[in-house]
Amino acid sequence: MTLLYTEIEEQLRAAVRDLLTDKASPGAADDGELWKALARDIGVAGLLIPEELGGAGASAREAAVVLEELGRAVTPVPYLTSAVLATRALLGVPDAEDLLERLAAGEITAALAVPFGSSPYRSPLSTLGDGAQAVSIAGSAISGQIAAVAGADVADVLVVPVRTGLAIVAADDPGVTVTPVTSLDLTRPIATVEFASAAARFVAVEPGAVRDTLAFGAGLLASEQLGVAEWCLTSTVAYLRERTQFARPVGSFQALKHRLADLWLEIVGARAAARNAADQLAAGWSHSARVAVAVAQAHCGAVAVHAAEECVQLHGGIGMTWEHPAHLYLKRAKTDEIALGTPGDHREALVGLVDLPGPVRA
Amino acid sequence: MDATAVRERVSALLAEHDPATTDPTEFLRARFDAGLAWLYFPVGLGGLGASRDLQSLADQLLRGTPDNDPGRIAIGLGMAAPTILAFGTEEQKRRFLRPLYTGEEVWCQLFSEPGAGSDLASLATRAVRDGDEWVVDGQKVWTSGAHLSRWGILVARTDPDVPKHRGITYFICDMHAPGVEVRPLRQITGEAEFNEVFLTGVRLSDELRLGEIGDGWRVAQTTLMNERVAIGGGTPRGRRSMIGLLADTWRERPELRSHDLHQRLLKLWVDSEIMRLTGARLREQLAAGHPGPEGSGMKLLFAQLHQEASGFEVELLRDEGLGYDDWSFRRSDGVDFLGRGAGYRYLRAKGNSIEGGTSEILRNIVAERVLGLPSEPRVDKDVPWKDLPR
């Protein structure tokens with residue numbers, strides 16, 4: 001176990017970064033080619049899937065490195081939603097091996113049909129709402145509506161948590177409607193998913209498995225947030241060295257230097273926390289993994305937002321334009337702060353995890 | 001040199017010098033001679049030329065044997081020793097390192113002056129050559145342990161006619177020499193952990209010069225870097241920490257809890273964990289031989305967190321926080337950031353962002369050396385020291 005990057009992880013990073021430098025530019029939509037190259041040529045889609053199912057049999061540590069790079073470029077690909085969240089939900093489910101094989105090969109993508117803001121510390125079924133919004137089962141079909149699902153717009157398969165386990169639904173089933181929502185995050189939009197007697201295949205999962213999947217995703221999201229924050233810091237530093245006002249590079253003003261030094265320090269902490277979460281998750285599901293996830297999310301979510309906000313502010317007027325990519329990072333960072341539990345949700349989880357109970361009632 | 005070799009050496013040391021019956025100083029001398037003092041130092045100088053990560057193994061194997069008082073020898077161990085190792089002559093290394101390690105000779109640091117704090121390079125203490133000796137005149141301040149010390153690491157101006165960084169020379173000051181006067185300096189905690197040191201016509205042999213004449217600024221950088229690591233090095237897991245102290249009080253005293261404090265405690269807990277992980281990652285980088293720039297940030301992080309946590313503790317304690325254990329003016333032999341009462345801890349923590357480089361100066365260092373941002377326009381750069389406004 002280490003908080004550093006291994007040589008193999010650095011090679012994976014270089015492969016992803018080279019491809020993104022080559023084929024992606026911030027803000028450009030993906031017509032599917034970029035994801036195909038990432039998923040199939042580099043093989044990121046199958047990183048978490050065992051080798052016997054055609055995957056790479058890698059761990060959360062490698063997946064985290066991919067997310068750092070995707071965050072750094074706010075790449076509009078369904079890696080987190082399909083190759084991390086939906087894949088993790090299906091891992092170890094005996095009836096889902098066919099799906100995992102196709103996911104590993106990059107033939108299909110999937111999405112876990114839960115609101116993107118779902119906290120790992122609440123039952124996903126309760127976050128799906130109740131009454132009219134709940135997903136109901138009738139025979140081998142499901143009906144209902146789930147709002148704010150990330151990655152659903154490009155998914156071939158929807159993985160829906162239901163009371164008996166998971167319902168697996170083909171996105172092109174006539175009973176499925178996926179309506180893209182105008183989203184704060186332009187590079188990872190959300191959609192409303194509606195089922196009207198959609199044909200489903202039901203698989204059983206362990207109790208709490210969906211929550212564990214959300215926590216796993218939250219732990220890895222920290223690495224994406226680290227990537228977002230690093231881009232923001234690097235591009236702000238580069239700009240402040242170039243931009244001249246009052247006949248000096250504005251980066252020579254102490255007021256700005258101190259802000260960037262503080263931001264750098266927050267990011268140093270974010271890297272340690274994100275690495276720790278990935279490392280703990282790679283070692284298996286444990287109490288210390290839960291603590292590592294909660295700590296990483298409580299810190300990294302806010303760091304990415306702070307970095308993106310400083311990036312906009314310190315770029316001055318240009319940071320406020322549609323033309324400059326800073327806004328894409330701000331929108332991603334603010335969305336990521338809510339995704340898979342807010343920093344507050346994760347801090348609150350520590351109450352039980354590390355025994356810091358709240359006030360007793362008088 | 002590997003773990004097995006270290007184990008063998010420790011067994012041999014313990015076999016020859018039973019820690020239960022050997023005089024503590026004798027034991028420490030033997031430990032030094034066995035190369036088990038600081039394993040990463042060269043053979044013959046208390047080390048084995050081993051990698052740094054073997055040190056913790058040796059410390060662990062020798063736990064419970066006589067050890068030096070960490071507060072008393074902190075400056076010798078953390079600052080003087082690495083500087084002597086890097087810049088000392090063979091003779092200086094042999095003369096000074098062994099008694100420094102055993103605690104027989106305590107060291108202090110003669111750097112800051114009333115007129116030279118953050119701008120240390122503007123220092124005004126003069127050292128004038130007189131044959132084989134130097135005559136030192138000036139005033140130093142914030143010198144912890146000066147009254148206990150045999151030696152001090154001293155920076156003094158040897159050439160006022162060149163720009164400030166270039167006219168400084170580094171010396172080892174004989175604290176028993178005539179003309180050295182030590183006066184306690186009372187601080188906001190009530191006690192005197194530090195001193196003012198007045199140097200009047202102090203004669204130092206040229207053999208006490210460390211490094212070249214005029215190269216003192218570069219030598220001092222080694223000392224200062226090590227000082228920051230020593231203050232902000234982080235707390236390894238399991239060692240007592242401020243947040244551990246707070247969490248214990250919180251669990252034992254439910255009547256003190258409130259919703260507001262609860263939210264803030266959870267934040268502090270996360271911040272402490274972030275600092276611990278940052279330190280752990282830094283130590284891994286050091287062990288792997290790739291020291292990252294993270295080192296410059298650790299002291300900043302530590303100061304911020306320690307101040308916030310100690311302020312939180314006083315507030316948490318409510319009525320008890322209104323008291324203070326002892327204001328009497330007395331000297332303290334060492335410093336324990338976690339010692340005494342909550343009020344002391346709160347007040348002492350205020351020094352964490354001032355001592356060993358203020359947080360403002362550390363932010364400049366991070367911005368310029370790590371991030372590569374340009375420095376502020378300088379008015380003192382190519383001006384001889386004697387022409388600078390003071």
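**Interface, aromatic pairs and a buried glycine**

Across the interface of chain B and chain A, 17 residue pairs are in polar contact, both residues of each pair being at pLDDT 80 or more. The model is predicted. On the side of chain B that touches chain A, four helices each supply at least two residues: H7 (242–252), H8 (259–287), H9 (295–316) and H11 (359–370). Helix H8 of chain B gives the most, with 15 residues. By class, this side of chain B has 21 nonpolar, 10 polar and 11 charged residues.

The contact involves 43 residues from chain A and 42 residues from chain B. Together the two chains bury about 3,800 Å². Carbon and sulfur atoms account for 70% of that area. The interface also holds 4 salt bridges. One salt bridge across the two chains joins the side chains of A:Lys257 and B:Glu368, with 2.6 Å from N to O.

Aromatic pairs were examined next. Over all chains, the structure holds 15 of them. In chain B, B:Trp107 and B:Trp151 form a tilted pair. Their ring centres lie 6.4 Å apart, and 35° separates the planes. This pair links distant parts of the chain, 44 residues apart. B:Trp107 belongs to strand E1 (residues 107–110) of chain B, and B:Trp151 to strand E4 (residues 151–157) of chain B. B:Trp107 has a relative accessible area of 2%, so it counts as buried. B:Trp151 is buried as well, at 6% relative accessibility.

A second pair in chain B, B:Tyr324 and B:Trp327, is stacked, because the ring centres are 3.6 Å apart and the planes meet at 10°. B:Tyr324 is partly exposed, with a relative accessible area of 21%. B:Trp327 is also partly exposed, at 46%. Elsewhere, one aromatic cluster is formed by B:Phe32, B:Trp38, B:Tyr40, B:Phe41 and B:Tyr101.

In chain A, A:Gly106 was considered in its surroundings. A:Gly106 sits in the loop between helix H5 (97–104) and strand E1 (110–112) of chain A. Its relative accessibility is 13%, under the 20% cut-off, so A:Gly106 counts as buried. Beyond its neighbours within four places in sequence, A:Gly106 contacts A:Ala39, A:Arg40 and A:Ala45. A:Gly55 lies 51 residues from A:Gly106 along the chain, and 9.9 Å separates the C-alpha atoms of the two residues.

Key:
Residues numbered from 1 in each chain as written. Chains lettered and ligands numbered in written order. Heavy atoms only, no water. Buried < 20%, exposed > 50% of the residue type's maximum accessible area, 1.4 Å probe, protein only. Contact = heavy atoms within 4.5 Å. Buried area = accessible area lost by both parts, 1.4 Å probe. Polar contact = N/O pair within 3.5 Å; in protein donor to acceptor, adjacent residues only side chain to side chain. Nonpolar A, V, L, I, M, F, W, Y, C, P; charged D, E, K, R; others polar. Phe/Tyr/Trp six-rings, centres within 6.5 Å; stacked < 30°, edge-to-face > 60°.
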